[in-house]
Amino acid sequence: MKNARFIRTETAEGRLKGEQENDVIVFRGIPYAAPPVGARRWQPPKPVQPWQDERDATQWGNASWQNRDYCSAIGGGDPGALSEDCLYLNVWTPDLTPPSALPVMVWIHGGGFAIGSGGLPPYSGQPLAARGVVVVTLNYRLGHLGFFAHPALDKEYQAGENVNNFGLLDQIAALQWVQRNISAFGGNRDNVTVFGESAGARSVLTLFASPLTTGLFHKGIAQSAYTLADMPREKALKNGVAVAAHFTLKDATAEQLRALPAEAFYQLDGAMGSGPVAIAGDRVLPVPMLDVFSAARQHRLPLMIGSNSDEASVLSYFGLDPAKVIADIRKTQRIGLRLKMIRLLYSGISDDSELGRQVARDMTFTTMGHIAALAQHRRGAPVWRYYFDYVSENAREIYPYGTAHGNEIPYTMDTLTPLSAQSEEPPFSDADRTFAQKVSEYWLRFARDASASTQTLSGEVTWPAWQPGQDEIMRFGEQGRSVIRLEKRFMRRRTQLFRLLVSRMVRLDV
């Protein structure tokens with residue numbers, strides 16, 4: 001790379017060679033666990049074999065097998081080389097030996113646990129690292145390779161020790177790597193923020209709910225987490241049997257399943273998988289995430305959580321019609337009482353398609369922030385809620401309903417500039433970049449300063465921790481325009497209603 005010079009550091013597993021790129025040092029494709037191939041497929045991640053010679057860390061590591069075209073279209077770009085050998089991470093740092101250890105931000109990519117990689121352009125850690133943090137992104141096992149259950153695999157575990165969420169265990173292994181090695185990159189192992197969007201946000205909340213993550217991170221940011229119920233292990237086992245039958249393995253053994261080609265799994269019908277959620281009932285997630293939060297038994301750590309104004313934009317990718325949301329409610333609710341309540345809460349909207357779009361957004365995404373905030377308050381841990389409603393100046397005709405699912409990422413990660421060169425959409429403006437700097441500063445302040453005793457985050461507008469009496473959120477944008485302000489009692493009645501109905505209404509059966 002032009003004007004790049006090589007930089008070395010020593011990790012617990014061996015010496016790495018990275019690159020200086022402008023004012024940031026980047027190391028790519030670092031293995032954080034052994035390749036999960038052969039007999040290690042559907043096994044917890046194993047330690048990396050240390051290396052003797054210097055390892056080149058200037059190229060992206062493989063991403064998990066997935067639909068490349070699907071990822072390119074909606075997942076943030078081309079995920080790069082695909083392989084079952086995919087447990088790699090990337091590190092950006094402004095200084096290997098800073099005067100004091102730097103906050104660490106670990107990004108977990110989204111994509112419905114089916115697509116994505118840590119090397120996609122929107123997830124570049126360069127802009128945030130240039131402002132004084134160490135950024136880590138990672139790849140983890142996706143689809144059936146990452147989330148799978150089958151009776152033959154159960155036989156390998158003692159009762160109650162089953163593992164089905166291998167992708168989540170990969171994330172945990174990456175956090176363990178951070179604890180071992182991040183000081184070699186100038187990072188503070190005692191100040192680690194996990195953050196992610198969509199399935200990455202669900203991962204953050206699930207890590208809050210897992211008994212296996214104590215001490216591995218210290219706070220979390222969940223962008224556009226959703227309220228869909230985790231898949232019960234019993235259902236996952238039935239799906240696993242169906243997968244084996246699809247490959248004409250009626251009474252499959254573990255050896256036969258592991259002999260199947262890895263690239264065959266991502267092409268299976270989505271109904272045979274766990275969808276965009278984890279599997280509840282294994283050692284990683286003994287109790288569904290929503291149940292853990294409802295009981296306020298999540299880890300007592302600071303949390304930031306929020307969603308976008310047009311989250312329903314994601315529905316089309318699951319083949320769902322917003323108008324059908326209302327039609328389904330009308331069929332299932334006696335004498336239409338709840339539908340009448342919904343129409344009262346959304347007064348002025350007569351079109352079923354628009355009503356369904358807003359109901360799906362609020363029930364599936366906005367309400368997750370309300371559920372998590374209540375749980376945090378009961379747990380005695382601070383939480384900050386936000387609502388993102390900014391659209392780039394030159395794209396407001398393209399996004400008439402507001403901020404689409406995932407469109408906040410280049411603002412929170414301040415990646416508008418590196419994204420501009422690769423985007424086919426209208427160019428970002430100076431005003432967009434200014435807004436991104438302001439928004440991302442809150443993410444940086446949270447990573448630097450938030451603790452169990454923190455009550456405010458500083459920024460252009462001081463952001464107080466959420467309290468149930470005021471129900472105050474930070475609004476980033478309003479009707480697409482550049483606004484940063486606090487709003488009290490935000491969608492309060494809607495989220496109160498949907499918190500009660502969330503388990504019985506819209507689901508994304510994929």
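Over the face of which residue does Lys17 lie? In this predicted model, Lys17 sits over the face of Phe6, 4.3 Å from the ring centre. Lys17 also forms a salt bridge with Asp56, with the closest N and O atoms 3.4 Å apart. Lys17 belongs to strand E2 (residues 15-21) and Asp56 to strand E4 (residues 55-56), so the bridge ties together parts 39 residues apart in sequence. Lys17 is buried, at a relative accessible area of 15%. Asp56 is partly exposed, at 40%. A further charge, that of Arg41, lies over the face of Trp42, at 5.3 Å from the ring centre.

The search of the whole structure finds 30 salt bridges. One of them joins Arg283 to Glu161, with the closest N and O atoms 3.4 Å apart. This pair links distant parts of the chain, 122 residues apart. Arg283 is partly exposed, at 27% relative accessibility. Glu161 is partly exposed as well, at 35%. Another bridge, 2.8 Å from N to O, connects Glu441 and Arg445. Both residues lie in helix H15 (residues 430-449), four residues apart, about one turn of the helix. Shared partners join Arg131, Asp414, Glu441, Arg445 and Arg448 into one network of salt bridges.

Aromatic pairs number 27 in the whole structure. In one of them, the ring centres of Trp463 and Phe476 are 5.7 Å apart and the planes stand at 80°, so the pair is edge-to-face. Trp463 lies in strand E15 (residues 463-464) and Phe476 in strand E16 (residues 473-487), 13 residues apart. Both Trp463 and Phe476 are buried. They belong to one aromatic cluster, whose members include Tyr386, Phe435 and Trp443.

Terms used:
Residues numbered from 1 in each chain as written. Predicted model: local features only at pLDDT ≥ 70, side-chain atom pairs only at ≥ 80, totals over all residues. Heavy atoms only, no water. Phe/Tyr/Trp six-rings, centres within 6.5 Å; stacked < 30°, edge-to-face > 60°. Helix = DSSP H or I, 4+ residues; strand = E, 2+ residues; numbered from the N terminus. Buried < 20%, exposed > 50% of the residue type's maximum accessible area, 1.4 Å probe, protein only. Lys NZ or Arg CZ within 6 Å of the ring centre and 35° of its normal. Salt bridge = Lys/Arg side-chain N within 4 Å of Asp/Glu carboxyl O.
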